[in-house]
Amino acid sequence: MTLRLRSLTRDEHLTFIKGKPSVSFLQCPSWGDVKSEWRSESIGWIDETGAVVGAAEVLYRQLPKIKRYLAYMPEGPVIDWFDGDLRRWLDPMLAHLKSQGAFSVKMGPPVVVNRWESETIKKAIAAKSARRLRDLPPDWTDERAADVNRQLRRLGWLQDQTAGAGFGDVQPRYVFQVPLMRRSLDDVHSGFNQLWRRNIKKAAKAGVEVVQGGREDLKTFHEVYKVTAVRDHFTPRPLPYFERMWDVLNAEDPERMRLYLAKHEGEVLASTTMVTVGDHVWYSYGASANHKREVRPSNAIQWRMLRDAYALGASVYDLRGISDTLDENDHLFGLIQFKLGTGGQAVEYLGEWDFPLNKVLHKALDLYMSRR
């Protein structure tokens, strides 16, 4: 069946998303509004009956001084990746993006390759039998992902090797998720390791209170977030970024974004944001103070968000990116160490892929990024 591609209205795009069980919030029209430094467009694949059968939120980033763009689809596009003939999906997409002035295309197929259970990872860390997740045999593999990989390479796509240093906000290949489907809350809680259960109990006994905040509380979140940025050596996003994120995500759906604050004796010690699309819930940003860490506000706030995700009917609670390192001496090890305590799964996606429409400009961009 032949597919054609055209721009979608916001309503057409949202209608398509509502019919899908799990679409990334980065593939919602509102995300284009968040990324104000990019131009955005909703595109859709149309079958012979006129129905929208695939969609993507495309972000266009202009090169300095010339009207040529990097076209980026974070965690997208949302198409039938296991169709068996990716050319009929990707060729019309590339033609459309080229007509929009794109010199290079970057996408992140939402295709899961492997999953590792927490116990498998913990045993490998204790035995020092693997330094990275990729060295550890997974508990589950989707063989169809290998076919997608082969097709992309055959069609001329290049796997992005920059591992987070891309032109835009490159998304993680490895994430950590807590499955909620067909589980009780007691089951989820019992899946936590002993330290997590003890810390949740300790926070409650110390009087830590977790409350849901509103837009006016973003200033408090941001103050704690700046403390976290100094401690963890990253550049914090400005407050207006989070205010814009709140405004546009919740304009699209009043339940899209939530803010949580963990308080002790009236003082905010930790704060987080949570995003929901369909039955998928993400922990998106987190912040914590440097003091009173012994009352465990971070564990308390995660447990509250998990319970709320469960109440919303989520099938998965997604703690977002981790490194694939299992080396306790690696500075990124703390990311997976904290999240392992939830008893969830490390998940590997297919990663991000590039298609150079103009090889000279694409190579110049690669060179520029390698020197940053």
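Contact here means that heavy atoms lie within 4.5 Å. On that basis, in this predicted model, Leu218, Lys219, Phe221, His222 and Tyr225 of helix α8 meet Leu239, Phe242, Glu243 and Trp246 of helix α9. The residues of this contact comprise six that are nonpolar, one that is polar and two that are charged. Helix α8 covers residues 218-232 and helix α9 covers residues 239-252, and their axes come within 10 Å of each other while crossing at roughly 135°. This angle makes α8 oblique to α9, and the crossing of the two helices is right-handed.

Several residues of this region also take part in aromatic pairing. A pair of aromatic rings is described by the distance of the centres and the angle of the planes. With ring centres required to lie within 6.5 Å, the count comes to 17 aromatic pairs. One of these is formed by Tyr241 and Phe242, whose rings are edge-to-face, with 5.6 Å from centre to centre and 85° between the planes. Tyr241 and Phe242 are both buried. Through ring pairs, Phe221, Tyr225, Phe234, Tyr241, Phe242 and Tyr285 are linked into a cluster.

On the side of α7 the contact is made by Trp196, Asn199, Ile200 and Ala203, which meet Asn299, Ala300, Gln302 and Trp303 of α10. Five of the residues in this contact are nonpolar and three are polar, while no charged residue is present. Helix α7 also holds Arg197, which is partly exposed, with a relative accessible area of 30%. When residues up to four places away in sequence are not counted, Arg197 touches His189, Ser190 and Phe192. Between Arg197 and Val208, which are eleven residues apart along the chain, the C-alpha atoms are separated by 15 Å.

Helix α4 (residues 118-127) and helix α11 (residues 333-340) have axes that come within 11 Å and cross at roughly 130°; the two helices are therefore oblique to each other. In this case α4 passes α11 in a left-handed crossing. The residues that meet are Ser118, Ile121, Lys122 and Ile125 in α4 and Phe333, Ile336 and Leu340 in α11, and they divide into five nonpolar residues, one polar residue and one charged residue.

Attention may also be given to a residue of helix α12. Lys363 is found in this helix, which covers residues 359-371, and Lys363 is exposed, with a relative accessible area of 63%. The C-alpha atom of Lys363 is separated by 9.7 Å from that of Ser104, although the two residues are 259 residues apart along the chain.

Some features of the backbone remain to be described. Gly76 and Pro77 are joined by a cis peptide bond, with omega at about 10°, and Pro77 is found in the loop that runs between β4 (69-73) and α3 (87-99). Lys65, although it is not a glycine, has a positive phi of about 75°. The position of Lys65 is in the loop between β3 (52-62) and β4, where this lysine is exposed, with a relative accessible area of 87%. A positive phi is also found for Lys292, at about 55°, and this residue too is not a glycine.

Key
Residues are numbered from 1 along each chain as its sequence is written. This is a predicted model: local features need pLDDT of at least 70, side-chain atom pairs count only at pLDDT 80 or more; totals for chains, interfaces and linings use all residues. Side-chain values use heavy atoms; hydrogens and water are left out. Axes are lines fitted to C-alpha atoms, for helices over the stretch in contact, and angles run from 0 to 180 degrees between N-to-C directions. Helices (H or I, at least four residues) and strands (E, at least two) are DSSP runs, numbered from the N terminus. Angles under 35 degrees count as roughly parallel, over 145 as roughly antiparallel, 65 to 115 as roughly perpendicular and the rest as oblique. A crossing is left-handed if the near helix is turned anticlockwise from the far one by less than a right angle, and right-handed if clockwise. Ala, Val, Leu, Ile, Met, Phe, Trp, Tyr, Cys and Pro count as nonpolar, Asp, Glu, Lys and Arg as charged, and the others, Gly among them, as polar. Rings of Phe, Tyr and Trp (its six-membered ring) pair if their centres lie within 6.5 Å; planes under 30 degrees apart count as stacked, over 60 as edge-to-face and the rest as tilted. Buried means under 20% relative accessible area, exposed over 50%, partly exposed in between (1.4 Å probe, protein chains only).
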